[in-house]
Amino acid sequence: MRTPIAYFLMLAGILFAMGTVGVLINRNALRIFMSVELQLNAVNLTLVSFARLHNDLGGQVLAFFSMVVAAAEVVVGLAIIVSIYRRRRTIDVDAAREMRW
Amino acid sequence: MPLDDVVFWVFAPIAIAAAVGMLVTRSVVYAALFLVVNFGCIAVMYLVLDAAFLFAVQIIVYAGAIMVLFLFVIMLLGVDRIDVRSERLWLQRPIAIVLAVGFVLEVATALRAGIGFATHAPEGFDLLQPAGNTQAVAEVLFRDYFFPFEATSILLIVAAIAAMVLAQRKVRAVTQAELGEELADGSEDEAEVEVAP
Amino acid sequence: MVGALVPHVAGSLWLIPALPLAGATITLFAGNRLGKWAGILATVLVFASFGVSLAVVLNLLTYPGESRLALQHLFDWISVGGFRVGADLRLDTLSATMILVITGIGALIHLYSVGYMAEDPRQGRFFAYMNLFVFFMLMLVLGANYLVLYLGWEGVGLCSYLLIGFWYTVPGNAEAAKKAFITTRIGDTLMLVGLALLVFKFGTLDFEVIFGTAGSVLTKDAATVIALLLFAGAIGKSAQLPLQVWLPDAMAGPTPVSALIHAATMVTAGVYLVVRSHVLFEISGVALTVVLVVGVVTALFAATCAIAQFDIKRVLAYSTISQLGYMFIAVGMRAYGVAMFFLVAHACYKALMFLGAGSVIHGMHDEQDMRQMGGLRRAMPWTFATFTIGGLAQAGVPPLAGFFAKDALLEVANHTGREVVFVLGTIAAFLTAFYIGRMICMTFLGRTRSDAAEHAHESQPVMLAPLVLLAIGVVVVGILQLSPDGAVTQALEPVVGATALGAGLSVPALIGMAVAVALLSLALAWWIYGSGRVDTVAFRERLEPMATAAQRGWYVDRAYDVVIVQPAKALARLTSDVFDALVIDGAVNGIGGLVKRSASEGKLLQTGFVRTYALVLFFGAVLVLGFIGVRG
């Protein structure tokens, strides 16, 4: 493979940054959640890239675990969003600001 | 022109464009779909990086399961048109973008200082997986990482149960006041109370 | 000072102060329930203490002169590093003299008080304080080191304050008590500095050690400084110039208090202190001169004031100040024996006169102004007789005690070449006799000048008995000491050294002069005040404005008020209204305000939006990454 590993890592970095921006900017809880998934994927990409760099399959295995846990997390998170929606009729995160001055 | 390069330089921009699209679009459903595209591109990246197993898992789990879940919930809650563009916290966007740019620069700096932009992947990766990537990953997984494997299986069970419990509708009498409030809210009828599985 | 210690005497010394202390404790806690029995208990205990004192002293006297010393160590009081002070009691002829005076006269005054304070609802308290006072005074004179002395010193000051202000509901009394305490405090503080210097120089406060080694340890200057500091304490306690202002006001207390504390005992503590420390004063030399000068000036000053007073107790107060000045004159001339004899004699006749005055006031239904009195000798014969004995003793009429004391003093002055002292002392003696005569004439002779005087009655026997006993005492003490080398001085010699005598006018000449002066002065007083031939009011007016000035203590009080008291009050006002209110409260409230404001402005950080928190989080993360990047 001729592509320098650093390019993959840069790509992952850029995707991670965009995921963070998505977390910070959006008000829709689902969109925020999707941005978090984007972040997670960027991290997985980093892991696999390093696995390739160091000839160590452990990186891939860790990325695999990350995906598993992400799946579980999505399940629970969406369930939570659903029950929040049922209670408050909205998933706007700005609406949850009772703990303010 | 090496194949890896071509593939990389085709799919990386697509991935980034999909991510941008996800951020920019007004519709939540479109955002989810853009994310699916992004996941696909990342799956290809895995392929380029000699992680064939993960390529498959990415498509199946992420694009196929997780995003489908997302779309289910979006359609269930009908929140696709909710997002309002006007921003109450007017500093949020500029600062977030600035910080993101700063972050990327930091990553670049770290990379340059660390492994440098010219390092290629070393040669010997194929030798690690004589019978193919899936086999190799399986060997590592079930041998060296057996305990985490079992732990995550328990995690999945717990998550499934948790999701069932959380998504339950509670058995509760709805008061007249709440009833009036809900109907006036203009949202869907929830006057019926039942326990959903 | 060699001394085989006298064992059984030493063992029982503690009883002497312990008895009144027990009385004080009991009456303090149970006084109100005991009622009049509180007074009886207190009196009995002081009599008991007198009994023990008498026994102990008689025992002591069976030993030869040089070995008349008993020491009792009660317990280790202070033991810090190398510095040790014990609660030690010391009985030598000097302290023996004092304890007999204190317990003897104290007992009689307690007896008198049972009658005088019979109608007071708080008499339990009164007797508690009186017993406490006797305890502290005994500790003062029985102390074997300066610290026990100081304990007693401060204690009597406290009791004086408590007793002067005993009828505290009258604001003037509380003011007088405060004034007494604060004025003596000035002296006490200087005295404490003196004690500190003693510790610094000697490493101990024990009398034996200090007086034994002072000659080799102290330079003349060091001794002067220490002696003058100690004398400052004496000036305060004994109401000498310039700290004499508290004593006339202290007459606000009940008359037995004035008799006990401000005539017989507490005010003589200063004399005792100087006599006890005479070794230090003699090394200094200058200090003794200072004592002498202060004594002379005070004696004259107070005598002039006494002549002009209308309140019978104030006459006696100024008279006390004057007589104390005499004692310091004797001390300043190194005639310690004479000074102590003077002290004993004065205690007797002054206490007698104060109690007599109390009797008069009681009979006059609390009237103290002599202008309202007159002709009381018919209604109060016993009071008149005993009071006159006391007065004549003070005036210096032989063969009463005062005559011998005064004569001895003038004799020493004359024989040691101190002509100025001799002349001034004689003038003061003339004035003394004059104001005594005036007092007796205005009070007892002539016609009654008011209704109260018309209806006066003699006091109860319980009040008269002490008067009679004291009058007898005045005569007896006189007989004990028929010359400067009399029995009392001789007994004191081992402690204080012999009185140096020289030559001068012959003894009979001096006696003749003294007697002549006294009788002349008394006759003049009788002519003006007793015979009814002189218009006293006009007489006084011709002497204005000096008369009023003298009556007001030559405006010393006013001077102190303007120079010290008002500035102090202004400073206090400044501190409280400006410094405390603005600066300190400002700082404290300012801090509070600062906290409040920073909180109310800081709370705005909690916007409630999760997104702001996430933004801050990301910001922090980027920052940390930046640091790591820069560092690594």
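Helices, in the sense used on this tour, are DSSP runs of H or I spanning at least four residues, numbered from the N terminus. The model is a predicted one.

**Stop 1**

Select C:Arg334, which lies in the loop between α15 (312-332) and α16 (336-363) of chain C. Its phi is positive, about 65°, although the residue is not a glycine. Most residues other than glycine have a negative phi. With a relative accessible area of 38%, C:Arg334 is partly exposed.

**Stop 2**

Move along chain C to C:Asp366, in the loop between α16 and α17 (376-379). Here too a residue other than glycine has a positive phi, in this case near 70°. Is C:Asp366 buried or exposed? The relative accessible area of C:Asp366 is 59%, and the residue therefore counts as exposed, the cut-off being over 50%.

**Stop 3: a cis peptide bond**

Select C:Leu241 and C:Pro242 together and display the backbone. The peptide bond from C:Leu241 to C:Pro242 is cis, with omega near -5°. Most peptide bonds are trans. C:Pro242 sits in the loop between α9 (220-237) and α10 (246-249) of chain C.

**Stop 4: the pair α7 and α8**

Next, select residues 171-202 and 207-217 of chain C, which are helices α7 and α8. Two packed helices are described by the angle between their axes and the distance between the axes. For this pair, the axes come within 11 Å and cross at roughly 70°. Because roughly perpendicular covers angles from 65 to 115 degrees, α7(C) is described as roughly perpendicular to α8(C).

Show the side chains at the contact. On α7(C) these belong to C:Leu198, C:Lys201 and C:Phe202; on α8(C) they belong to C:Ile210, C:Thr213, C:Ala214 and C:Val217. By type, the residues of this contact comprise five nonpolar, one polar and one charged.

**Stop 5: chain C as a whole**

The chain comprises 632 residues, 54% of which count as buried. Of its contacts with a separation of 6 or more, 80% are accounted for by residues 24 or more positions apart. Chain C exposes about 25200 Å², and carbon and sulfur atoms supply 70% of that area.

**Stop 6: chain B**

What pattern does chain B follow along the sequence? The pattern is α-α-α-α-α-α-α-α, that is, eight helices and zero strands. Buried residues form 32% of the 197 residues in chain B. Among contacts in chain B between residues at least 6 apart in sequence, 52% join residues at least 24 apart. The accessible surface of chain B is about 11700 Å², with 70% belonging to carbon and sulfur atoms.

**Stop 7: the interface of chains A and B**

To see where chain A contributes, select A:Arg31, A:Met34 and A:Arg89, which supply 9% of the area that chain A buries against chain B, more than any other three residues.

**Stop 8: the interface of chains A and C**

Finally, display chain A with chain C. Twelve residues of chain A are in contact with eleven residues of chain C. About 1100 Å² is buried between these chains, and carbon and sulfur atoms give 65% of it. Which residues of chain A lose the most area to chain C? They are A:Leu24, A:Asp94 and A:Trp101, together 52% of what that side buries.

Note on methods: Residues are numbered from 1 along each chain as its sequence is written. Chains are lettered from A and ligands numbered from 1 in the order in which they are written. Side-chain values use heavy atoms; hydrogens and water are left out. Buried means under 20% relative accessible area, exposed over 50%, partly exposed in between (1.4 Å probe, protein chains only). Contact means heavy atoms within 4.5 Å. Accessible areas come from the Shrake-Rupley method with a 1.4 Å probe; for residues, only the protein chains shown count as cover. Axes are lines fitted to C-alpha atoms, for helices over the stretch in contact, and angles run from 0 to 180 degrees between N-to-C directions. Helices (H or I, at least four residues) and strands (E, at least two) are DSSP runs, numbered from the N terminus. Angles under 35 degrees count as roughly parallel, over 145 as roughly antiparallel, 65 to 115 as roughly perpendicular and the rest as oblique. Ala, Val, Leu, Ile, Met, Phe, Trp, Tyr, Cys and Pro count as nonpolar, Asp, Glu, Lys and Arg as charged, and the others, Gly among them, as polar. Buried area is the accessible area (1.4 Å probe) that two parts lose on being put together, summed over both.
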